[in-house]
Every structure is written in C-alpha cells, then in structure tokens.
Amino acid sequence: MMPPAASTYAPHFDTLFWMLVGISGAIVLLVVGLILGFSITYRRGSKAPRGRLPTRFTHEIEIGWTAATFLTFLFLFWWAASVEVASAPVPRDAMEIHVVAKQWMWKIEHPNGQREIDALHLPLGVPVKLVMTSQDVIHSFYVPAFRVKQDVLPGRYTELSFTPDKVGTFHLFCAEYCGTDHSRMTGGVVVMTRADYARWSSAQPQGDTLADQGKAVFRRLGCSGCHAGSALVRAPSLANIYGKPQPMQGGGFKVADEGYLRDSIMLPQKDVVAGYTPVMPSYQGIASEEDVVRLIAYLKQPGGGAEK
Ligand code: CUA
C-alpha cells in the first residue's frame, strides 16, 4: 500500500501517518456508531426516554469532548513537530549535490564535477544535502520512497536533506504541475553500496570538479577582472566570503549564502556592499543557472575568488 521506505526519515514519517489514520478512523467509527445508535434508539415510535438530560451531565460531556479533542491535537502537534525538528539539522558531513530543474528534466551536478540527467546515484547511508534551483518555472523534487518533497523555485535556492538506507532504484517525480510534459519529468534515484558507488563513480568520465569548473567560469565571464586583487575597477574581494556576514550600503549585514551570491550575480543592484558603487552589470541571460552553481562552488572553496 505504501512505497518502499528507503530513508532514515521514512519510518518516523510512516508511524506518524498511520497514527493519524488510526485516530481519524477511530473518530469516524465513533461518530458513525453514535449516529447509527441514536437513529435506532430514537427512531419514530420508539419508547426511548426523550426528556432533557440533567445540565451537570451535559456539561461534563461537553467539557470532556472538548478537552479530549484539544489534548489529542496538542499531542499530534508535539509529535509531528518533534519528528520534523529532529530531522531538520543537516549533518556537517552531508554530501552536497546541486539540482537544476527545467522543463522537463532534472539536471544533477555532483561536487566532483560528474553530471547526470534524470538520474541521481547515491552511496548507501551517507547523508545528502540537495541544493536546488529552477531555470524556468516552479518544479517540485519528490522521492516517495524517502518521504521527502521540496519545491524547486526559479531565482532561489531550496534545500532538501535525507539519508538513504536501502539499496535500490527509487522513483523521482516532479510534484508541481509545470507544463505539457510535467508527468514525464521523472527519474530514478539509484542507491548503491559504498563499494558499488565508488566503482560507478570511477567509471564516469573524469573531469574537473564543480569548483574547478567554477574557476573557469569566473575567468570566462570576466569576474576576475574586477573582483580579483589588482583590478582597475574597485570591486569587493570574494575570497573566503561564503557564509560570512557582509556589510551593506545603508547599514546592516547580509550573510553571503548561496541565495546572496546568486542575487549578487543576477541582480547586482539588490545588495550593494558598503563602500562600493553599484557599477556591476547583471549577468542575467549571460550566466546560466549551472554557471552560477559552479561559480558558487568555486567561491565556497577556501581562497576561491582570489585568482586573477
Ligand atoms: Cu517539473 Cu512538474
């Protein structure tokens, strides 16, 4: 009845799901039972007593029913929240994989530069963090076997993390209607033992890592001309800024995360760093979403962005 449960999160989710089904079912049975019971007892012509119940008794029922419902809801809220909160922190050693969605395919970029389309190979038992964006409309990354789903939005990065704990190939769906071929925007997540994964990985064409590709983009788009060291145009250095707060013109700070870096490339007038003039042109239409993914991978490296 359920898809296979193939992530560490799945059993927690399933317990919660079945508990909700159980409680809802019990309430439905109770209500249907009472309706049937009362319909029979108080059918037309029956001799059942029809006088008023004592007020004290009706109050007790009223208060009891309200309190029971309230406590049940509180309990469910606490339970669902604790399952979510417990699964929220992304382990530090999580494998970071980039996903770029477009009509109608999933493009996957591994940190070592490997690329896949509509397929994602993962090693068993290793926590994974997906950093996702779309190059056109809203899509949604959905793997029922992992019990995870996350919208993938143009112009923004969303994250999804999970730990696969079963070997096999699992369906990947797009769960947001995104146009004509939405229903065909599917793929497979292939979970392999670590040995098989290593074998698969080394059998792939070996190229530059994502960060190295980013370094090439950094030069090709001319970023290094202004941002690296002794340029004529004064632009802030990008070395080691990832994850650190940046002072903004007009006061305040912004943390240089993926979203900030992307905005700074595509919408450079949005966040101007204190002490600099907003002279940078937008790279919208010049840098693709994949270029941006590579640039960010490069800038996240220690010392990335310093080369001329
Ligand atoms: Cu992409 Cu539906």
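Helices (H or I, at least four residues) and strands (E, at least two) are DSSP runs, numbered from the N terminus; Leu299, for instance, is found in helix 7. This is a predicted model, in which local features need pLDDT of at least 70, side-chain atom pairs count only at pLDDT 80 or more, and totals for chains, interfaces and linings use all residues. Residues are numbered from 1 along each chain as its sequence is written, and side-chain values use heavy atoms, with hydrogens and water left out.

1. Leu299. This residue of helix 7 is buried, with a relative accessible area of 6% (buried means under 20% relative accessible area, exposed over 50%, partly exposed in between, with a 1.4 Å probe and protein chains only). Not counting residues up to four places away in sequence, Leu299 touches Phe218, Leu238, Tyr242, Leu261, Gly304 and Gly305 (contact means heavy atoms within 4.5 Å). The C-alpha atoms of Leu299 and Trp200 are separated by 28 Å, the two residues being 99 apart along the chain.

2. Helix 4 and helix 7. The axes of helix 4 (residues 210-220) and helix 7 (residues 289-300) cross at roughly 105 degrees and come within 7 Å. Axes are lines fitted to C-alpha atoms, for helices over the stretch in contact, and angles run from 0 to 180 degrees between N-to-C directions. The two helices are therefore roughly perpendicular to each other (angles under 35 degrees count as roughly parallel, over 145 as roughly antiparallel, 65 to 115 as roughly perpendicular and the rest as oblique). Among the residues that meet are Leu210, Val217 and Phe218 in helix 4 and Val293, Tyr298 and Leu299 in helix 7. The residues of this contact divide into nine nonpolar, two polar and four charged (Ala, Val, Leu, Ile, Met, Phe, Trp, Tyr, Cys and Pro count as nonpolar, Asp, Glu, Lys and Arg as charged, and the others, Gly among them, as polar).

3. Helix 6. Eight of the nine residues of helix 6 (residues 258-266) are buried, so this helix is largely enclosed by the rest of the structure. The buried residues include Tyr260, Leu261 and Arg262. Their cover includes strand 1, strand 5 and helix 7.

4. Strand 1. Six of the eight residues of strand 1 (residues 95-102) are buried, so this strand too is largely enclosed by the rest of the structure. Strand 1 pairs with strand 5 (residues 128-134) in the parallel sense over seven bridges, and Val100 stands opposite Thr133. With strand 2 (residues 105-109) the pairing is antiparallel over five bridges; these two strands form a hairpin with two residues between them. Two strands pair if DSSP finds at least two bridges between them.

5. An open sheet has the strand order 4-10-9-6-7, with mixed pairing. Its edge strands are strand 4 (119-123) and strand 7 (148-152), each pairing on one side only. The twist averages 20 degrees from one strand to the next. Helix 3 (residues 194-203) packs on the sheet, touching strand 4 and strand 10 (187-192), and its direction makes about 130 degrees with that of strand 4.

6. Nonpolar cores. The largest nonpolar core has 36 residues, and those with the most contacts inside it are Trp106, Leu130, Phe141 and Phe146. A second, separate core of 26 residues includes Ile265, Ala287, Leu295 and Ile296. A nonpolar core is a set of buried Ala, Val, Leu, Ile, Met, Phe, Trp, Tyr and Cys residues joined through side-chain atoms within 4.5 Å.
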